Amino acid sequence: MKLEQLLRDISEIHLIGHQDLVITGISSNSKRIVPGSLFIGKKGKRCDGASFVAEAVHSGAVAIVVESYHPTYKDVVQIIHPNPASIEGLLSAAFYSY
């Protein structure tokens with residue numbers, strides 16, 4: 001699915017990169033990322049998912065959803081949102097056709 005389709009109904013995002021890339025999967029677990037995936041770096045009870053961005057990118061994530069820009073990952077599309085956890089359901093619903 002094209003990234004632009006996933007983001008169509010989501011507000012409060014700042015996109016850094018191109019929307020025309022194809023997303024093959026979505027996960028907030030960096031260990032489940034495969035090439036072509038979108039990684040959602042959300043804060044949990046014990047740790048911040050943004051600290052796993054490097055692992056996700058190394059595993060093949062082509063886009064990440066994070067609270068703030070990561071200058072280290074200029075080759076990855078970054079979707080900046082104040083609360084990545086709040087849009088996880090919307091992204092998943094769009095990806096899996098509701």
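**Close-ups of a predicted model**

Searching the whole structure turns up three salt bridges. Keep in mind that this is a predicted model. The views below go through the salt bridges one by one, then turn to the rings and the cores.

**View 1. E88 pairs with K42.** The closest N and O atoms of this salt bridge sit 2.6 Å apart. The pair links distant parts of the chain, with E88 in helix α3 and K42 in the loop between β3 and α2, 46 residues apart. E88 has a relative accessible area of 18%, under the 20% cut-off, so E88 is buried. K42, at 27%, is partly exposed. E88 has another polar partner here: its side chain makes a polar contact with the side chain of S28 (3.1 Å). Leaving out residues up to four places away in sequence, E88 touches S28, I40 and K42.

**View 2. K31 meets E55.** Here the two side chains form a salt bridge at 3.3 Å, N to O. This one also links distant parts of the chain: K31 is in the loop between β2 (25-27) and β3, while E55 is in helix α2 (residues 53-58), 24 residues apart. K31 is out in the open, counting as exposed at 64% relative accessibility, whereas E55 is partly exposed at 28%.

**View 3. E67 meets K43.** The side chains join in a salt bridge, 3.7 Å from N to O. E67 comes from the loop between β4 and β5 and K43 from the loop between β3 and α2, so the pair ties together parts 24 residues apart in sequence. E67 counts as partly exposed, with 36% relative accessibility.

**View 4. F95 and Y96 make an aromatic pair.** The count for the model comes to one aromatic pair. The ring centres of F95 and Y96 are 4.8 Å apart and the planes stand at 85 degrees, so the pair is edge-to-face. F95 is buried at 16% relative accessibility, but Y96 is exposed at 55%.

**View 5. The largest nonpolar core has 17 residues.** Those touching the most other members are L3, L6, I23, I26, L38, V65 and L91. At least two core residues each come from α1 (3-7), β3 (37-40), β4 (63-66), β5 (77-80) and α3 (84-95), and α3 gives the largest share, four residues. Zoom in on I23: not counting residues up to four places away in sequence, I23 touches M1, L3, L6, G36, L38, V62, A63 and F95.

**View 6. A second core stands apart.** This separate core has 10 residues, among them I33, I64, V66 and V76.

How values were computed:
Residues numbered from 1 in each chain as written. Predicted model: local features only at pLDDT ≥ 70, side-chain atom pairs only at ≥ 80, totals over all residues. Heavy atoms only, no water. Core = buried A, V, L, I, M, F, W, Y, C linked by side-chain atoms within 4.5 Å. Buried < 20%, exposed > 50% of the residue type's maximum accessible area, 1.4 Å probe, protein only. Contact = heavy atoms within 4.5 Å. Phe/Tyr/Trp six-rings, centres within 6.5 Å; stacked < 30°, edge-to-face > 60°. Polar contact = N/O pair within 3.5 Å; in protein donor to acceptor, adjacent residues only side chain to side chain. Salt bridge = Lys/Arg side-chain N within 4 Å of Asp/Glu carboxyl O.
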